[in-house]
Amino acid sequence: GMADRPEAANGLLKALRQVFKHALEYDFVDVNPVTQISNLKPINKTGFHAWTIEEVEQFKKAHPIGTKPRVAMSLLLHTGQRRSDVVKMGRQHVKDGWMDVTQQKTGKKLSIPVVDELKAVLDAGPTGDLTYLVTQYGKPFTSNGFGNWFRRQCDAAGLPQCSAHGLRKAAAS
């Protein structure tokens, strides 16, 4: 019934595997029926669109230094971090030109160089107190809230094919 949403179906299978594993351990069931079910293949085989240099320049033109979208794009591009990590970054993480962060997903500690372009954008702001990126109410973004907000900034720049994750891919290349 979830063939049109294979990622959601696979997430459900993953959760059910754990529930039945627990049920097996405590003798609530005799077999884990979910282990016999294969994951569905994802529909989107190409993944997220990686931004081109031209798209980065187009975003910069639409959102110049001194704007919140530019701060967001620069953090994503120049740190290569996930949106869940970017929304937690703040000035307290920077010392002597390095940003020390702990990735939320992996728990890995990283020291990322703050390149001149990123420093200039962060210095120009606007930024919050404990996190660089804040909502219109001055509160830190959630990862999903930031993703939705950034999606609208890409659309405003005429880049509907671009996303926060696509900047991570561009940074890697």
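1. Two strands count as paired if DSSP finds at least two bridges between them. Helices (H or I, at least four residues) and strands (E, at least two) are DSSP runs, numbered from the N terminus. The model is predicted: local features need pLDDT of at least 70, side-chain atom pairs count only at pLDDT 80 or more, and totals for chains, interfaces and linings use all residues. Residues are numbered from 1 along each chain as its sequence is written, and side-chain values use heavy atoms, with hydrogens and water left out.

2. The sheet. Three strands make an open sheet in the order E1-E2-E3, with antiparallel pairing. Strand E1 (94-95) and strand E3 (109-113) are at the edges with a single partner strand each, so one side of each has no neighbour in the sheet.

3. E1 pairs with strand E2 (residues 98-102) in the antiparallel sense over two bridges. Val94 has Met99 of E2 as its bridge partner, and Lys95 has Trp98 of E2. E2 and E3 run antiparallel and are joined by five bridges. On that side, the bridge partner of Met99 is Ile112 in E3.

4. Faces of E2. In a regular strand the side chains alternate between the two faces of the sheet. Buried means under 20% relative accessible area, exposed over 50%, and partly exposed in between (1.4 Å probe, protein chains only).

5. Hairpins. The hairpin of E1 and E2 has two residues between the strands, and in it Asp96 takes a positive phi near 55°. Asp96 is not a glycine, lies in the loop between E1 and E2, and is exposed at a relative accessible area of 71%. The hairpin of E2 and E3 has six residues between the strands; there Gly107 takes a positive phi near 75°.

6. Another positive phi. Asp27, not a glycine, has a positive phi of about 60°. Asp27 is placed in the loop between helix H1 (6-25) and helix H2 (53-62), and counts as exposed at 67% relative accessibility.

7. Asp85 lies in helix H4 (residues 83-86). Leaving aside residues up to four places away in sequence, Asp85 touches Thr102, Gln103 and Gln104, where contact means heavy atoms within 4.5 Å.

8. The largest pocket. Its volume is about 350 Å³. A pocket is an open set of points on a 1 Å grid over the protein atoms alone, where a 1.4 Å probe fits, with protein on both sides within 12 Å along at least five of seven lines; lining residues have an atom within 4 Å of a point. Grid points are joined across faces, edges and corners, and the volume is the space filled by probe spheres set on the points. The lining of the largest pocket has 16 residues, of which Arg82, Arg83, Ser84, Ser143 and His165 lie nearest the centre. H4, H6 and helix H7 (164-172) each supply at least two lining residues. H6 gives the most, with four.

9. Prolines between H5 and H6. The peptide bond from Gly125 to Pro126 is cis, with omega near 0°, and Pro126 lies in the loop between H5 and H6. Pro140 also lies in the loop between helix H5 (116-124) and helix H6 (143-156). Is Pro140 buried, exposed or partly exposed? Pro140 is partly exposed, at a relative accessible area of 49%. Not counting residues up to four places away in sequence, Pro140 touches Thr131, Leu133, Val134 and Thr135. Pro140 and Arg5 are 135 residues apart in sequence, and 31 Å apart in space from C-alpha to C-alpha.
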